[in-house]
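Welcome to this short tour of a protein model. Take a moment to look it over before reading on.

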Amino acid sequence: MKAGNFSDTPEFFLLGLSGDPELQPILFMLFLSMYLATMLGNLLIILAVNSDSHLHTPMYFFLSILSLVDICFTSTMMPKMLVNIQAQTQSISYTGCLTQICSVLVFVGLENGILVMMAYDRFVAISHPLRYNVIMNPKLCGLLLLLSFIISVLDALLHTLMVLRLTFCIDLEIPHFFCELAHILKLACSDVLINNILVYLVTSLLGVVPLSGIIFSYTRIVSSVMKIPSAGGKYKAFSICGSHLIVISLFYGTGFGVYLSSGATHSSRKGAIASVMYTVVTPMLNPFIYSLRNKDMLKALRKLISRIPSFR
């Protein structure tokens, strides 16, 4: 089979979620609405946190960064998907595909790290409330965020540089709506053993370690809450963690569900549909989960909206 390297691999073809022409206008309107809702919801969270001095705490700092990451994450794939549907084309350049792979890995890694930081923040707030401001100082928050960013970028660069060494077969169709690393490796004509080993090794490391940190934090949180004598105190402590637990369940649940379902059905197209959950639906729902379950956030949002001048 004919193969090519960087110079003679001009573009890949994203097959999307459906090849039915009649469904394309529906898909376009659906995903455009979801993308706009994601952008608006997360932008409101960022503005509300920055405009209200009462929300200038580590918890809301991490929340605003999470919203920014969600905006960037969806923006790496959704605009290209919408353009392809509207223009009735499936092409994406080789450079564009590599950029998408790198960006997705960076922002998924960042989201993973921020969820761990938020779990640690809740652990300190509940288990060591008197020392909270000392432990969760701005310097520590900044260092944790910087560490997560460096790890995510190094992970993304490692995989992207390893893809650069591959040659590709003539059939460059990707049964997905964005360039996913696993699908790109399947299209390669050259040996991808090292790439696959790196994928499994790094994904296991960057998946198991953060998840273990979250489980450890919540184990300690449960232990601390059970020592609270009053039922009202226990409820208040657990309610603080409620939104974060829902977001964690969505992020990890949909992420693991995608790969388990795709492995069970052996259908790349069904895997692409399942991927919509963690790439589109979860970033869209996060602002609603944090705002609807949080009185301080609702109050800040009302204040922010009241400042917007009405046009008559």
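Helices (H or I, at least four residues) and strands (E, at least two) are DSSP runs, numbered from the N terminus. This is a predicted model, where local features need pLDDT of at least 70, side-chain atom pairs count only at pLDDT 80 or more, and totals for chains, interfaces and linings use all residues. Residues are numbered from 1 along each chain as its sequence is written, and side-chain values use heavy atoms, with hydrogens and water left out.

Let's begin with the record. An unreviewed UniProt entry places the feature "transmembrane region" at several spans, including 98-120 and 272-292. UniProt positions follow the numbering used here, feature names are shortened, and annotations may be inferred rather than shown by experiment. Here is how these two spans look in the model:

| Span | Helix | Strand | Distance between end C-alpha atoms |
|---|---|---|---|
| Residues 98-120 | 100% helix | 0% strand | 33 Å |
| Residues 272-292 | 100% helix | 0% strand | 30 Å |

Next comes the interior. A nonpolar core is a set of buried Ala, Val, Leu, Ile, Met, Phe, Trp, Tyr and Cys residues joined through side-chain atoms within 4.5 Å; buried means under 20% relative accessible area (1.4 Å probe, protein chains only). The largest such core has 67 residues, and Phe-31, Ile-114, Leu-115 and Met-297 touch the most other members. Helix H4 gives the most to this core, with 13 residues. A second, separate core holds 19 residues, among them Phe-12, Tyr-94, Val-163 and Leu-185.

Which residues does Leu-115 contact, leaving aside its neighbours within four places in sequence? Contact means heavy atoms within 4.5 Å. Leu-115 meets Leu-66, Ile-214, His-244, Val-247, Ile-248, Phe-251 and Tyr-252.

Key
Buried < 20%, exposed > 50% of the residue type's maximum accessible area, 1.4 Å probe, protein only.
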